[in-house]
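Here is a short note for a colleague opening this entry for the first time. Please keep the sequence and the model side by side while reading.

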Amino acid sequence: MFGTVVVGVGIAGLARIRDLMNPMPSSPSEHLKLFGFVSRRSFGNINEAKQISLEDALRSKEIHAAFISTENRSHEETIRMFLEAGKHVLVEYPMALSAKAAHELWEMAEQKDKVLHVEHIELLTEEYKQLKKEVAGKDLVKGTLHFTGSVLDESKTGFPAFSGIARLTWLIDLFGDLTVTSATREKQKDKSYSRMTVHFQTANKKPLTWIEERGPGMRREKKINFCFTSGCLENFPQAPRSAVGLFMQDQNLFAKKLLGQVSKEELAAEKWRILRCLDLAEVIQQHCEQPEKICS
C-alpha cells in the first residue's frame, strides 16, 4: 500500500479526495490509501479525510506519495518539497511555469528514483480518443485548433501557453513534434480579453495553428479544422460516455507506475511529450513577449 496526501482542495483536489476514498474495485488504485489533505484554508475534515499540516505530510513515514492540486504558480515549489522529502508526486498540469524548472524537477525525480506523474486528462477523454482514431494514418495538409474560455488570473495560472498546455499536448500527440514559426498575443486589458495565436510546422513542413482565446462570458469550447489529403475534419467524432471518470483513470495510471506496471518505453515517450510541450510553451511565450519591431 502507498499512503497518499492531497495538497490543495479546489475542484481537482476535491475530485482526488473523492477518488482516493472510493477506488475502483480490482484496480491499481486499491493500492493507494489517503492519509489526509493539506490546505491553506481551515476545513477540519472533508468526507472523513482529515486535514494535516504541510510539515506533517512531508515528515510522515506513512505518506509515500503527494497529489498536488494547487494553483499553477505553486506547482514547482510543492513538487520540489515532496521530492526532497522522498515522496512520489502526481501533479496537475502544467508541472511548472518554465521549461528550465520542469527539466530540473524531472532530473531530481530520476535521481531520487521517484515517480513524477503529470496529469493530462485531456488525453483520456472519449472525445479525444475518437479524434485520435479518426486522425490516425492520414496525411495532414493544414490544421487549426481554436479554444475559447473564461478569463483566468494569470498571476496564478501563468502565461496562456502554459495554462493552455492541454491544447498543445493534443497537437503534439496527434501530429508529432512541432516547430514554432511565429506567435503573437492580443490583449485588451480594459475588456479582460486575450487572444494568443501560434503558428507551427510539423516535421513534414505542414502548417498548424493554435488559437487560445479568453474573455468574459466566453463559453469553454474547442473547435477543430484539420485538413488531410483525403478531406477535412471540422467536427469532433461522436464519442460514448466513459464508465470511468477522468481523474480515476489518471489515478489508476499513477498507481500502475508506482507498482512498476508501465513499460520503460511508455514512460520515456510520456517524459518526452511533457517536456517537449513545456519547451514549446516557453518558446511561444518568448515570441509573444518580444517588443514589436517598429518599421520606419
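This is a predicted model: local features need pLDDT of at least 70, side-chain atom pairs count only at pLDDT 80 or more; totals for chains, interfaces and linings use all residues.

The points below go from the sheet to the helices, then to single residues.

1. Start with the open sheet of 6 strands. The strand order is β9-β10-β11-β8-β12-β13, and the pairing is mixed. Two strands sit at the edges: β9, residues 178-188, and β13, residues 231-233. Each of these edge strands pairs on one side only. From one strand to the next, the twist averages 10°.

2. **A parallel pair.** Strands of a sheet pair through backbone hydrogen bonds, in a parallel or an antiparallel sense. Strand β8 (residues 140-149) and strand β11 (residues 207-214) run parallel. They are joined by 7 bridges. To find the pair on screen, pick His146: its bridge partner in β11 is Ile211.

3. β9 and β10 pair in the antiparallel sense, over 10 bridges. Here Lys187 stands opposite Ser194 of β10. The hairpin of β9 and β10 has 4 residues between the strands. Ser192 lies in that loop between β9 and β10.

4. Helix α10, residues 264-289, lies across β9, β10 (193-202) and β11. The angle of α10 to β9 is about 50°.

5. **Helix against helix.** Two packed helices are described by the angle between their axes and the distance between the axes. For α5 and helix α8 (residues 165-175), the angle is about 35° and the axes are 10 Å apart. The crossing of α5 and α8 is right-handed. Glu127, Tyr128, Leu131, Lys132 and Val135 make the contact from the α5 side. Trp170, Asp173, Leu174 and Phe175 make it from the α8 side. By type, these contact residues divide into 6 nonpolar, no polar and 3 charged.

6. **The annotated cysteines.** Which residues does the UniProt "binding site" annotation cover? According to that record, an unreviewed entry, they are Cys277 and Cys288. The annotation may be inferred rather than shown by experiment. Cys277 is found in helix α10, and Cys288 is found in helix α10 too.

7. Is Cys277 buried or exposed? Cys277 is buried, because its relative accessible area is 1% and the cut-off for buried is under 20%. Leaving aside neighbours within four places in sequence, Cys277 is in contact with Ile165, Leu168, Thr169 and Ile172.

8. Cys288 has a relative accessibility of 16%, so it counts as buried.

9. **Backbone points to check.** Most residues other than glycine have a negative phi, and most peptide bonds are trans. Tyr93 and Pro94 are joined by a cis peptide bond, with omega about -10°. Pro94 lies in the loop between β6 (88-92) and α4 (99-111). Ser192 has a positive phi, near 55°. Lys205 has a positive phi of about 65°, although it is not a glycine.

10. Ser192 counts as partly exposed, because its relative accessibility is 39%. Lys205 lies in the loop between β10 and β11. Its relative accessible area is 59%, so Lys205 is exposed.

11. **A buried alanine.** Ala109 is placed in helix α4. Its relative accessibility is 2%, so Ala109 counts as buried. Not counting residues up to four places away in sequence, Ala109 touches Leu83, Lys114 and Leu116. Phe82 is 27 residues from Ala109 along the chain, and their C-alpha atoms are separated by 9.9 Å.

Note on methods
Residues are numbered from 1 along each chain as its sequence is written. Side-chain values use heavy atoms; hydrogens and water are left out. Two strands pair if DSSP finds at least two bridges between them. Axes are lines fitted to C-alpha atoms, for helices over the stretch in contact, and angles run from 0 to 180 degrees between N-to-C directions. Contact means heavy atoms within 4.5 Å. Buried means under 20% relative accessible area, exposed over 50%, partly exposed in between (1.4 Å probe, protein chains only). A crossing is left-handed if the near helix is turned anticlockwise from the far one by less than a right angle, and right-handed if clockwise. Ala, Val, Leu, Ile, Met, Phe, Trp, Tyr, Cys and Pro count as nonpolar, Asp, Glu, Lys and Arg as charged, and the others, Gly among them, as polar.
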